[in-house]
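Q: Could you go through this model with me? I'd like to start with the backbone and then get to pairing and charges.

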Amino acid sequence: PPKALYHPKPHIPQSLLPDVKEIVLRVKFYIGKDGSARAVLLNPTPNPHLNAILQKELSEWKFFPATKDQKPVDSTLDMEIKIRIE
């Protein structure tokens, strides 16, 4: 299976902070054999602007790709990510 190598916490703009205390995201990552990712939110928030930011930033994650017969292959990965604003 793929493994996340670069997974920074998404940056939530100050203007959205009053509405956000904690978010639990369910995300499907489409991972290329080069380790690049495209993230799709499975449970989007009610705020379309926040969803766009989260999806863009999560798509910047990098993975060690899944392998088959010791060769990298495209794959998907469902993940739950908790973001807490302190």
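Q: Where is the place of Asp69?
A: Bearing in mind that this is a predicted model, Asp69 sits in the loop between strand S5 (66–68) and strand S6 (71–73). Its phi is positive, about 55°, although Asp69 is not a glycine.

Q: Is Asp69 buried or exposed?
A: Asp69 is exposed, with a relative accessible area of 68%.

Q: And what about phi of Gln70?
A: Gln70 lies in the loop between S5 and S6 as well, and its phi is near 65°, again a positive value in a residue other than glycine. At 79% relative accessibility, Gln70 counts as exposed. For context, most residues other than glycine have a negative phi.

Q: How many residues does the protein have, and what share of them count as buried?
A: The protein has 86 residues, of which 34% count as buried. It exposes about 5,800 Å², with carbon and sulfur atoms supplying 54% of that area.

Q: What share of the contacts is between residues 24 or more positions apart?
A: Taking the contacts with a separation of 6 or more, 68% of them are between residues 24 or more positions apart.

Q: Let's do pairing, then. How many bridges join strand S2 to S3, and in which sense do they run?
A: Five bridges join strand S2 (residues 22–31) to S3, and the two strands run antiparallel. Ile31 stands opposite Ala37 in S3, while Val27 has Leu41 of S3 as its bridge partner.

Q: What do S2 and S3 form, and what is in the turn?
A: S2 and S3 form a hairpin with five residues between them, and Gly35 in the turn has a positive phi of about 90°.

Q: What about S2 and S7, over how many bridges do they pair?
A: S2 and S7 pair over 10 bridges in the antiparallel sense.

Q: Which residues of S2 are on the covered face?
A: Ile23, Leu25, Val27, Phe29 and Ile31 make up the covered face of S2, whereas Glu22, Val24, Arg26, Lys28 and Tyr30 make up the uncovered one. In a regular strand the side chains alternate between the two faces of the sheet.

Q: Changing topic to charges, how many salt bridges does the count come to?
A: The count comes to two salt bridges. In one of them the side chains of Lys28 and Asp78 meet, at 2.9 Å from N to O. Lys28 lies in strand S2 and Asp78 in strand S7, so this pair ties together parts that are 50 residues apart in sequence.

Q: With which residue does Glu60 form a salt bridge?
A: Glu60 forms a salt bridge with Lys56, and the closest N and O atoms are 3.3 Å apart. Glu60 is partly exposed, with a relative accessible area of 37%, whereas Lys56 is exposed, at 56%.

Q: Last one: how far apart are the mean positions of the positive and negative charges?
A: The mean positions of the 13 positive and 10 negative charges of the protein are 3 Å apart.

Methods:
Residues numbered from 1 in each chain as written. Predicted model: local features only at pLDDT ≥ 70, side-chain atom pairs only at ≥ 80, totals over all residues. Heavy atoms only, no water. Buried < 20%, exposed > 50% of the residue type's maximum accessible area, 1.4 Å probe, protein only. Contact = heavy atoms within 4.5 Å. Areas by Shrake-Rupley, 256 points an atom, 1.4 Å probe, with all protein chains shown as cover. Lys, Arg positive; Asp, Glu negative; His and termini not counted. Charge placed at Lys NZ, Arg CZ, Asp CG, Glu CD. Pairing = 2+ DSSP bridges. Helix = DSSP H or I, 4+ residues; strand = E, 2+ residues; numbered from the N terminus. Salt bridge = Lys/Arg side-chain N within 4 Å of Asp/Glu carboxyl O.
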